Amino acid sequence: MKNKNSTTVATISMFFATMIVIHLLTSIIFNVLPLPIKPTLVHIPVIIASILYGPRVGATLGGLMGLISVVTNTVIQIPSSYLFSPFVENGNIYSLIIAMVPRILIGITPYFVYKLIKNRSGLLIAGAVGSMTNTIFVLGGIFILFSNVYNGNVQAMLATVLGTNAIAEMVISSFLTFIIVPRLEKPHASKI
């Protein structure tokens, strides 16, 4: 049992380190290059870990992704930081819900989708579902919990994000999940 717990902690640590590197690199790249879209890529390790190691590891990594979001939006404030951090102006408990709950769900939904469709196309679908879990719950949470606080037309903002970033994130997540998971899977590997 102790050996299994050590393996789980090591697995979570490696995936979390990967998430931090992806977060830092994409933050630098998307802020330096004048790209029309800035997709979130930190959720890809969460999706992959969920499929490979189960929903418990996936949910833990999703929670850590939520913490990355809270810390980033607290330290580096942009006009929308209040949506993800309760520690900035206009932020509240709903900010924490939007930052954490969708990210935890990213670590759960891909596992069950892949378990249901256990083949190569299931990987594509699980990657897409994991990405869309984030998009739907974050944007839905913003629409429900912050539409009265948002300065401007919240529907237009949500439609813009859904029409640009969300599609790019879904395609990238599906492709990378399809490519990476088979290379990390071991025959007869058991879920943690």
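The following paragraphs lead through several local features of this structure, which is a predicted model.

The account begins with helix H1, which spans residues 2-32 and contains Ile 28. Ile 28 has a relative accessible area of 54%; because the cut-off for an exposed residue is over 50%, Ile 28 counts as exposed. Ile 28 also belongs to a nonpolar surface patch of about 550 Å², to which Val 21, Leu 25, Ile 29, Val 32 and Leu 33 contribute as well.

A contrasting setting is provided by helix H5, formed by residues 109-116, where Pro 110, Tyr 111, Val 113 and Tyr 114 are buried. The cover over these buried residues includes helix H2 (43-53), helix H3 (55-75), helix H4 (93-106) and helix H6 (120-146).

Leaving aside residues up to four places away in sequence, Pro 55 touches Ser 50, Gly 107, Ile 108, Tyr 111 and Phe 112. Although 53 residues separate Pro 55 from Ile 108 in sequence, their C-alpha atoms are 4.6 Å apart in space.

The loop between H3 and H4 holds Asn 90. The phi angle of Asn 90 is near 75°, a positive value in a residue other than glycine. With a relative accessible area of 46%, Asn 90 is partly exposed.

Conventions:
Residues numbered from 1 in each chain as written. Predicted model: local features only at pLDDT ≥ 70, side-chain atom pairs only at ≥ 80, totals over all residues. Heavy atoms only, no water. Buried < 20%, exposed > 50% of the residue type's maximum accessible area, 1.4 Å probe, protein only. Helix = DSSP H or I, 4+ residues; strand = E, 2+ residues; numbered from the N terminus. Contact = heavy atoms within 4.5 Å. Patch = residues over 30% accessible without salt bridge, like charges linked within 9 Å, V, L, I, M, F, W, Y side chains within 5 Å. Areas by Shrake-Rupley, 256 points an atom, 1.4 Å probe, with all protein chains shown as cover. Salt bridge = Lys/Arg side-chain N within 4 Å of Asp/Glu carboxyl O.
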